[in-house]
Amino acid sequence: MSTIFDITLILLLIACSVAVVRLKDLLAATVVFSTYSLTMCLLWLHRGAPDVAMTEAAVGAGITTVLFLIAISRTTGRER
């Protein structure tokens, strides 16, 4: 059961990584990147590292997403 959960999370991480690279809309890419960080947080938590999981959630999904959203609001929001 644990292995299936790990494999599911890793497949979701790979799918998020590919989606972030392929998306042309920067706002959508930021949301998917936030999903990537939250999935990584779940993986760290499941692997027994709650301190790393909390850091990933705070920095990866929280602060980084806010900084990306502020940067996108100051640009056009679309990749050329």
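The structure shown is a predicted model. Its protein chain contains 3 helices and 0 strands, in the order α-α-α along the sequence.

**The chain as a whole**

- The C-alpha trace of the protein chain spans about 45 × 25 × 10 Å along its principal axes.
- Of the 80 residues in the protein chain, 26% are buried.
- The protein chain exposes about 5600 Å² of surface, and 72% of this area comes from carbon and sulfur atoms.
- Among contacts in the protein chain with a separation of 6 or more, 61% are between residues 24 or more positions apart.

**The aromatic rings**

- Two numbers are needed here, since a pair of aromatic rings is described by the distance of the centres and the angle of the planes.
- The model has 2 aromatic pairs.
- One of them joins phenylalanine 33 and tyrosine 36, with 6.2 Å from centre to centre and 10° between the planes. Planes under 30 degrees apart count as stacked, so this pair is stacked.
- How exposed are the two residues of this pair? Phenylalanine 33 has a relative accessible area of 27% and is partly exposed. Tyrosine 36 has a relative accessibility of 26% and is also partly exposed.
- Phenylalanine 33 is in helix H2 and phenylalanine 68 is in helix H3 (residues 50-73), so the pair ties together parts of the chain that are 35 residues apart in sequence.
- Phenylalanine 68 is partly exposed, at 37% relative accessibility.
- Taken together, Phe33, Tyr36 and Phe68 make up one aromatic cluster.

**Helix H1**

- Helix H1 (residues 2-22) has 21 residues, and the distance from its first C-alpha to its last is 30 Å, close to the 30 Å expected at 1.5 Å a residue.
- Which residues of H1 are buried? They are Asp6, Leu9, Leu13 and Cys16. Viewed down the axis of H1, these buried residues fall within an arc of 85°, so they line one face of the helix.
- Thr3, Ile4, Leu11 and Arg22 are exposed residues on the face of H1 turned away from its buried side.
- The cover over the buried residues of H1 includes H2.

- Threonine 39 lies in helix H2 and is buried, with a relative accessible area of 4%.
- What does threonine 39 contact, leaving aside its neighbours within four places in sequence? The residues are Leu9, Leu12 and Leu13. Leu9 and Leu13 are among the buried residues of H1.
- Cysteine 41 also lies in helix H2. Its relative accessible area is 14%, and residues under 20% count as buried, so cysteine 41 is buried.
- Not counting residues up to four places away in sequence, cysteine 41 touches Ala53, Glu56 and Ala57.
- Cysteine 41 and alanine 61 are 20 residues apart in sequence, and their C-alpha atoms are 8.8 Å apart in space.

**Helix H3**

- H3 has 24 residues and reaches 33 Å from its first C-alpha to its last, close to the 34 Å expected at 1.5 Å a residue.
- Where is the kink in H3 centred? It is centred on threonine 64, and the bend is about 30°.
- The buried residues of H3 are Ala53, Gly60, Ala61, Thr64, Thr65 and Ile72.

Definitions and conventions: Residues numbered from 1 in each chain as written. Predicted model: local features only at pLDDT ≥ 70, side-chain atom pairs only at ≥ 80, totals over all residues. Heavy atoms only, no water. Phe/Tyr/Trp six-rings, centres within 6.5 Å; stacked < 30°, edge-to-face > 60°. Buried < 20%, exposed > 50% of the residue type's maximum accessible area, 1.4 Å probe, protein only. Helix = DSSP H or I, 4+ residues; strand = E, 2+ residues; numbered from the N terminus. Expected span 1.5 Å × (residues − 1). Arc of directions from axis to C-beta. Contact = heavy atoms within 4.5 Å. Bend = angle between axes of the 7 residues up to and from the residue. Areas by Shrake-Rupley, 256 points an atom, 1.4 Å probe, with all protein chains shown as cover.
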